[in-house]
Amino acid sequence: MKENINGFSKLDKQEKINWIAQNFFSDADEAVKMIKRYWNADEALQKLHDEFIENTITNFYLPFGIAPNFLINKEWYTVPMVIEESSVVAAAAKSAKFWSVRGGFKTTVIGTEKIGQVHFLFKGEKPKLIQFINQIKPLFFDETAVVTQNMRKRGGGIQEVELRDKTDVLPDYYQLHVTFDTKDSMGANFINSCLEQIAEILKKQAVQNPSFSDEENQIDVVMSILSNYVPNCLVRAEVSCRVEELKSKDIEDPQLFAEKFVQAVKIAEIEPFRAVTHNKGIMNGVDAVVVATGNDFRAVEAGIHAFAAKSGVYSSLSHAIIEDGIFKFWVDLPLALGTVGGLTSLHPMVKMALQILKKPSAEQLMQIIAAAGLAQNFAAVKSLTTTGIQKGHMKMHLMNILNQFKATDEEKVAVAAHFEKEIVSHNAVVELLESLRK
Ligand SMILES: CC(C)(COP(=O)([O-])OP(=O)([O-])OC[C@H]1O[C@@H](n2cnc3c(N)ncnc32)[C@H](O)[C@@H]1OP(=O)([O-])[O-])[C@@H](O)C(=O)NCCC(=O)NCCSC(=O)C[C@@](C)(O)CC(=O)[O-]
Ligand SMILES: NC(=O)C1=CN([C@@H]2O[C@H](COP(=O)(O)OP(=O)(O)OC[C@H]3O[C@@H](n4cnc5c(N)ncnc54)[C@H](O)[C@@H]3O)[C@@H](O)[C@H]2O)C=CC1
């Protein structure tokens with residue numbers, strides 16, 4: 001067995017598959033068959049997917065589910081969700097339906113500012129640097145005009161360039177902290193292109209600046225890159241109703257429910273161990289729509305968790321209160337999203353997801369995703385504070401357990417009927433299957 005290789009990238013697709021099959025599987029032919037079973041029958045479509053990333057050997061399916069009945073700012077949305085975990089789509093759908101008859105979700109885009117930074121070292125006198133940056137600042141806009149012209153026509157572009165002194169935390173370290181509006185694109189490539197040009201302008205102008213010493217002339221640019229921390233690209237989603245209106249099939253005593261729910265959210269606000277799981281519940285909804293719409297889930301995850309820790313202590317992203325008999329539950333999320341660019345016009349299922357969402361702008365998508373996150377969080381915390389999470393989650397997970405034990409259709413029907421009234425557990429399902437098979 002050979003576990004390392006030089007020049008793997010230069011092999012063709014079949015050679016890559018053979019190398020994997022021969023080195024990691026006792027039955028190489030079966031492994032090749034499995035890899036190819038996941039190829040798309042349409043060769044052009046397969047080629048498109050092959051070319052999204054590097055060293056592609058096959059596809060990896062995730063389910064594409066639908067959560068209907070989201071009423072957001074009085075408009076109906078049907079929300080596509082791509083996720084591997086059972087009960088998430090059901091929970092989102094259940095919450096959406098619940099809130100649709102209680103006024104729906106109200107969402108607001110609080111800001112759309114994106115951020116990028118040129119990180120550089122300057123060994124010299126700070127007042128001279130400040131004066132220099134002020135002097136050359138117009139060039140950052142003028143000399144990037146070609147790159148930014150289309151974005152400016154859309155009403156976006158570079159908003160501000162600010163010098164930030166970081167020498168108290170790292171010797172000689174300064175930043176050009178640049179803010180952008182990238183309209184309907186996430187903007188990573190646009191921002192990085194602008195930043196690299198801004199860095200060139202900075203270095204070129206420094207060399208030519210007569211008031212700098214020989215050392216000050218040599219500004220050392222360490223890197224130029226967007227930040228995925230976007231606290232001012234922020235959206236709020238909220239739901240509210242009179243406490244008594246919370247009464248439903250699972251909520252017999254709405255006052256008690258509301259108080260316990262608020263308490264559960266407070267615990268997530270002050271206790272990081274709980275906050276992480278609480279926020280994971282929010283991300284169940286957020287990530288599923290982020291992935292379905294072809295957005296960069298790593299960027300979204302990184303930015304949101306940094307936001308959750310902005311006070312210095314990791315805390316809940318959502319909040320709840322009861323005020324004057326009104327139950328109010330809301331979430332603030334930083335979300336840098338695109339409805340153009342990236343994979344949005346390339347991946348056929350992403351195009352379909354965006355079509356189902358009625359071709360949203362980036363701002364509309366921020367609001368839909370925030371609503372999906374809040375819906376998910378409501379469902380989870382509602383279950384946690386009433387029945388416990390396992391009842392509903394395991395009900396949805398039942399099919400996975402049955403498939404794991406290769407249950408036949410008849411066995412599935414019999415087991416599902418049995419668990420209509422019983423709580424599902426892995427052991428209970430296995431025992432029942434074994435008794436059916438005797
Ligand atoms: C699972 C449910 C929804 C069952 O809830 P239920 O009361 O058994 O559902 P129901 O049969 O009464 O149906 C009501 C509605 O729920 C939805 N629904 C119901 N079943 C389905 C289904 N099979 N397929 C699609 N949708 C379904 C659907 O909208 C349906 O309306 P309808 O379509 O009939 O008009 C509920 O128990 C629930 O919301 N549980 C919470 C589940 C959850 O949060 N899962 C996430 C995974 S756990 C986790 O990762 C996070 C966590 C919990 O740790 C976070 C935290 O700690 O905060
Ligand atoms: N740290 C990070 O998050 C990084 C992420 N990326 C990747 O970059 C990609 C996103 O970059 P983008 O620049 O958004 O995509 P992109 O490079 O595909 O560019 C989108 C382009 O669409 C055009 N456009 C057309 N209509 C527009 C409209 N209405 N509003 C705005 N722009 C419009 C603009 O020219 C814009 O620059 C993602 O795939 C992401 O994974 C790349 C580098 C770093």
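Visitor: Which domains does the domain assignment of the protein give?
Guide: This is a predicted model. One of its domains, domain 2, is written as two segments, 83-106 + 233-386. The assignment gives domain 1 (8-50), domain 2 (83-106 + 233-386), domain 3 (114-227) and domain 4 (393-437).

Visitor: How far apart do the C-alpha centres of domain 3 and domain 4 lie?
Guide: Domain 3 covers 114-227 and domain 4 covers 393-437. Their C-alpha centres lie 60 Å apart.

Visitor: Where does ligand 2 lie relative to the domains?
Guide: Look at who supplies its shell. Domain 2 (83-106 + 233-386) gives residues, and domain 3 (114-227) does too. Ligand 2 therefore lies between domain 2 and domain 3.

Visitor: Which residues are closest to ligand 2?
Guide: The shell around ligand 2 holds 19 residues. They divide into 6 nonpolar, 9 polar and 4 charged. The closest are Lys183, Ala188, Asn189, Gly341 and Gly342.

Visitor: Which helix gives the largest share of the shell around ligand 2?
Guide: The largest share is 3 residues. It comes from the helix spanning residues 188-208, H7.

Visitor: Which domains each give at least three residues to the shell around ligand 1?
Guide: The shell around ligand 1 has 24 residues. By class they are 11 nonpolar, 8 polar and 5 charged. At least three come from each of domain 2 (83-106 + 233-386) and domain 4 (393-437).

Visitor: Which helix gives the most to the shell around ligand 1?
Guide: Helices H4 (88-100), H10 (272-292), H13 (362-385) and H14 (389-404) each supply at least two residues. The top contribution is 7 residues. It comes from H4.

Visitor: Is H9 roughly parallel or roughly perpendicular to H13?
Guide: The axes of H9 (residues 254-270) and H13 come within 10 Å. They cross at roughly 110°. That angle makes the arrangement of H9 and H13 roughly perpendicular.

Visitor: How many charged residues does the contact of H9 with H13 have?
Guide: H9 passes H13 in a right-handed crossing. H9 brings Lys260, Phe261, Ala264 and Val265, while H13 brings Val381, Lys382, Leu384 and Thr385. By class, 5 are nonpolar and 1 is polar, and the charged residues number 2.

Visitor: Is the crossing of H6 and H7 left-handed or right-handed?
Guide: H6 spans residues 145-153. Its axis and that of H7 come within 10 Å and cross at roughly 145°. The crossing of H6 and H7 is left-handed.

Visitor: Which residues in H7 meet H6?
Guide: From H6, the partners are Val147, Thr148 and Met151. The contact of H6 with H7 divides into 4 nonpolar, 3 polar and no charged residues. On the H7 side stand Phe190, Ser193, Cys194 and Gln197.

Visitor: At what angle do H1 and H2 pack, and what does that make H1 relative to H2?
Guide: H1 covers residues 13-24 and H2 residues 28-37, with their axes 8 Å apart. The angle is about 135°. That makes H1, relative to H2, oblique.

Terms used:
Residues are numbered from 1 along each chain as its sequence is written. Chains are lettered from A and ligands numbered from 1 in the order in which they are written. This is a predicted model: local features need pLDDT of at least 70, side-chain atom pairs count only at pLDDT 80 or more; totals for chains, interfaces and linings use all residues. A residue is near a molecule or strand if its C-beta atom, placed from the backbone, lies within 6 Å of it. Helices (H or I, at least four residues) and strands (E, at least two) are DSSP runs, numbered from the N terminus. Ala, Val, Leu, Ile, Met, Phe, Trp, Tyr, Cys and Pro count as nonpolar, Asp, Glu, Lys and Arg as charged, and the others, Gly among them, as polar. Domain bounds come from an automatic or database domain assignment. Axes are lines fitted to C-alpha atoms, for helices over the stretch in contact, and angles run from 0 to 180 degrees between N-to-C directions. Angles under 35 degrees count as roughly parallel, over 145 as roughly antiparallel, 65 to 115 as roughly perpendicular and the rest as oblique. A crossing is left-handed if the near helix is turned anticlockwise from the far one by less than a right angle, and right-handed if clockwise. Two residues are in contact if their C-beta atoms, placed from the backbone, lie within 7 Å.
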